[in-house]
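Visitor: Could you take me closely through the aromatic ring pairs of this model, and then through the surroundings of the ligand?

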Amino acid sequence: MQEPNTTKKRMLSGIQPSGDLHLGNYLGAMKNWIGLADEFDCFYFMADMHTITVRQTPADLRRRTLEQMAQYIACGLDPEKNVLFVQSHVHQHAELGWVLNCYTMFGELSRMTQFKDKSAKNAENINGGLFTYPALMAADILLYQADLVPVGHDQKQHCELTRDIAQRFNCIYGDVFKVPEPYIPKTGARIMSLNAPESKMSKSMPEGCVFLMEKPEDIQRKFKRAITDSDTENCVRFDLENKPGVSNLMSIYSAVTGRTYEQIESEFSGLGYGAFKPAVGEAVIETLRPIREEATRLLADKAYLENVCRSGAEKASYVAEKTLRKVYKKVGFLPR
Ligand code: TYM
């Protein structure tokens, strides 16, 4: 097995295949993973072990995991240059996850906002995994000695806890883990629902959520129906507090076109929401079109995708095993 390049900084991130990938996942995370493989050593995975903290239908989870791999590649992640893998294929995640559980405090886990949100939504299934999930996420990151973790804003708290766990462990045992930094984009880190701009865009509210594989006409319909604000101004202006709906559409438009808010304001000056909403829809459709087409093509070749999973897991395991060995030795486990 080839040694990973040690002079490059390492990037690592993952997405749960608990639903179809959506525009929030793309703009908050995936878009910032692309085109970095020359500069960074890149590891991206399907966080399937995290998904079972909420009940899943097994056949759907399997299907979505492979679909997600196709979409990673279709977005521009070349499997020859990026290590793409499925979390459950690399057993070291579960093993380090257990160790780190023992270095993560009950109080810390109790303060995680995602735990509070998800336990409110799944009151009948507040299981131990949902609570200790951030320790597994810390293991995902620390196993690879990642420098940077490109994620959307909602994962910042988990990344900060990962840093605390790494520092705590290093304080006891010496320099075992690299202390990672979250890498959060300036625009697109917090995409809100199109029909409820006070809530984050998520698969649980499908009418306000644009999926990567969705048909152009459905995407356009959702944008045309997007909630704009109840002010009488009908003016495209960025103002998060007073115009959350329009500001969200502006963030989306800015993230897909690269234009600044000032440029967008002048582009739509005097035109109003009636012109702005379909223009955002069109820009999103054109961004997603090549991804959808390429993912559809890749999904017809299951053997290729399975091969990518296999070779990704092999490369990931090689790196993960080195960290795990070191950790087992440090905590005092008898070598086999
Ligand atoms: P997950 O699967 O909920 O989301 C995946 C990525 O998409 C980003 N995201 C958003 N960004 C902007 N606006 C939105 N509306 C939006 N919705 C989702 C998330 O911030 C995330 O970057 N715990 C993680 C998965 C994970 C992970 C890891 C990530 C497991 N282990 C290690 C990084 C490193 C999660 O549930 O993300």
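Guide: What follows goes through the ring pairs and then turns to the ligand.

This is a predicted model, in which local features need pLDDT of at least 70 and side-chain atom pairs count only at pLDDT 80 or more, whereas totals for chains, interfaces and linings use all residues. Residues are numbered from 1 along each chain as its sequence is written, and side-chain values use heavy atoms, with hydrogens and water left out.

Rings of Phe, Tyr and Trp (its six-membered ring) pair if their centres lie within 6.5 Å, and planes under 30 degrees apart count as stacked, over 60 as edge-to-face and the rest as tilted. By this rule the count comes to 16 aromatic pairs. One of them joins Trp33 and Tyr44, which are stacked at 4.4 Å centre to centre with 0 degrees between the planes. Trp33 lies in the loop between helix H1 (23-28) and strand S2 (40-46), while Tyr44 belongs to strand S2, so the pair ties together parts that are 11 residues apart in sequence; helices (H or I, at least four residues) and strands (E, at least two) are DSSP runs, numbered from the N terminus. Trp33 is buried at a relative accessible area of 0%, and Tyr44 is likewise buried, at 0%, where buried means under 20% relative accessible area, exposed over 50% and partly exposed in between (1.4 Å probe, protein chains only).

Tyr103 and Phe169 form an edge-to-face pair, with 5.0 Å centre to centre and 65 degrees between the planes. This pair links distant parts of the chain, 66 residues apart, with Tyr103 in the loop between helix H4 (92-101) and helix H5 (106-110) and Phe169 in helix H8 (residues 156-173). Tyr103 is buried with a relative accessible area of 14%, and Phe169 counts as buried at 0%. Ring pairs also link Phe43, Phe45, Phe85 and Tyr144 into a cluster.

As for the ligand, 28 residues surround it, the closest being Gln16, Tyr133, Asp140, Asp154 and Ile191, where a residue is near a molecule if one of its heavy atoms lies within 4 Å of it. Strand S1 (9-15), H1 and helix H7 (128-142) each supply at least two residues of this shell. A polar side-chain atom of Gln16 lies 2.8 Å from an oxygen atom of the ligand, and a side-chain N or O atom of Asn25 is 3.1 Å from a ligand oxygen atom. For Gly24, a backbone N or O atom lies 3.1 Å from a nitrogen atom of the ligand.

How values were computed. A polar contact is a pair of N or O atoms within 3.5 Å; within protein, one must be able to donate a hydrogen and the other to accept it, and residues adjacent in sequence count only if both atoms are side-chain atoms.
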